[in-house]
Amino acid sequence: MKKVFVFDHPLIQHKLALIRDENTGAKEFRELVEELAMLMAYEVTRDLPLEEVEIKTPIGPCKARMISGKKIGIVPILRAGLGMVNGLLKLIPAAKVGHIGLYRDPETLKPVEYYCKLPQDVHERDLIILDPMLATGGSATMAVDYLKERGASSIKLMCLIAAPEGIEAVHSKHPDVDIYTAAVDERLNDHGYIVPGLGDAGDRLFGTK
């Protein structure tokens, strides 16, 4: 079943407005993207299973709940997805991080792979793919393909801004992948950029053109 979760929390929306602003510099942009990823991680991990454990406080024994089940894997799509990694690791420091390197051919707008390195136990983990912009959906779809080819069965996609075309592209091939985003924008332009979007997330993160 197709699921798209759009976060309307005031802090998320406020920081999203700041990263959209063309006057926001690279340093502040990087900090905001990390903060947004951390805030969104609370909701993305909401359905993690818990188990009851017994611990001892300084006062006495106590029954408490801790996360059980599969471990977490974080998979940023290079290079822009790197800006979101630390936000999740601050909350889930034990998560393993894989990397998928894709770039979009400027002529065809199709993704081209140049790197893929994943944890060996990727098939045993709940995976969260990170990419700030879900535009055409080509890169995200290819990333899900790679993960499933390696045995992954629990995959979520987390982005800051999505286009309707990108959501449709991912769900047309992978309807089992839930999408988490802070905004669904109007459309794509002729160059495959999200409108109004925020420009090229990678360039703004790393100060390149």
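Which residues does UniProt place under the feature "binding site"? The unreviewed UniProt entry gives R79, R104, D131, P132, M133, L134, A135, T136, G137, G138, S139 and D200. UniProt positions are given here in the numbering used for this structure, feature names are shortened, and annotations may be inferred rather than shown by experiment. Of these residues, R79, R104, D131, M133, L134, A135, T136, G137, G138, S139 and D200 belong to the lining of the largest pocket. A pocket is found on a 1 Å grid over the protein atoms alone, as an open set of points where a 1.4 Å probe fits, with protein on both sides within 12 Å along at least five of seven lines; lining residues have an atom within 4 Å of a point.

The model is predicted: local features need pLDDT of at least 70, side-chain atom pairs count only at pLDDT 80 or more, and totals for chains, interfaces and linings use all residues. Residues are numbered from 1 along each chain as its sequence is written, and side-chain values use heavy atoms, with hydrogens and water left out.

Two of the listed residues can be followed further. D131 sits in the loop between β8 (125-130) and β9 (133-134). Helices (H or I, at least four residues) and strands (E, at least two) are DSSP runs, numbered from the N terminus. D131 counts as buried because its relative accessibility is 13%; buried means under 20% relative accessible area, exposed over 50%, and partly exposed in between (1.4 Å probe, protein chains only). Apart from neighbours within four places in sequence, D131 is in contact (heavy atoms within 4.5 Å) with I77, A80, G81, M84, M158, C159 and L160. A135 lies in the loop between β9 and α4 (138-149), and its 12% relative accessibility makes A135 buried. Residues up to four places away in sequence aside, A135 touches R104, A163, E165, G166, L188, G192 and I194.

R79, also on the UniProt list, takes part in a salt bridge with D203, at 2.7 Å from N to O. This pair joins distant parts of the chain, 124 residues apart: D203 is in helix α6 (residues 201-206), and R79 is in the loop between β4 (71-78) and α3 (82-91). A salt bridge is a side-chain nitrogen of Lys or Arg within 4 Å of a carboxyl oxygen of Asp or Glu. D203 is buried because its relative accessibility is 18%, whereas R79, at 33%, is partly exposed.

The whole structure holds 11 salt bridges. Among them is the pair E31 and K27, whose closest N and O atoms are 2.7 Å apart. Both residues lie in helix α2 (residues 26-44), 4 residues apart, or about one turn of the helix. E31 is partly exposed at 38%, and K27 is exposed at 56%.

Strand β12 (residues 178-181) contains T181. Is T181 buried or exposed? T181 is buried, since its relative accessible area is 0%. Its contacts, leaving out neighbours within four places in sequence, are V4, F5, V6, F7, M40, C159, L160, I161 and A162.

V6 belongs to strand β1 (residues 4-6) and is partly exposed because its relative accessibility is 45%. Together with V4 and V184, V6 forms a nonpolar surface patch of about 200 Å² accessible area. Patches are made of residues with over 30% relative accessible area and no salt bridge; like charges are joined within 9 Å, and nonpolar side chains (Val, Leu, Ile, Met, Phe, Trp, Tyr) within 5 Å. Accessible areas come from the Shrake-Rupley method with a 1.4 Å probe, and for residues only the protein chains shown count as cover.
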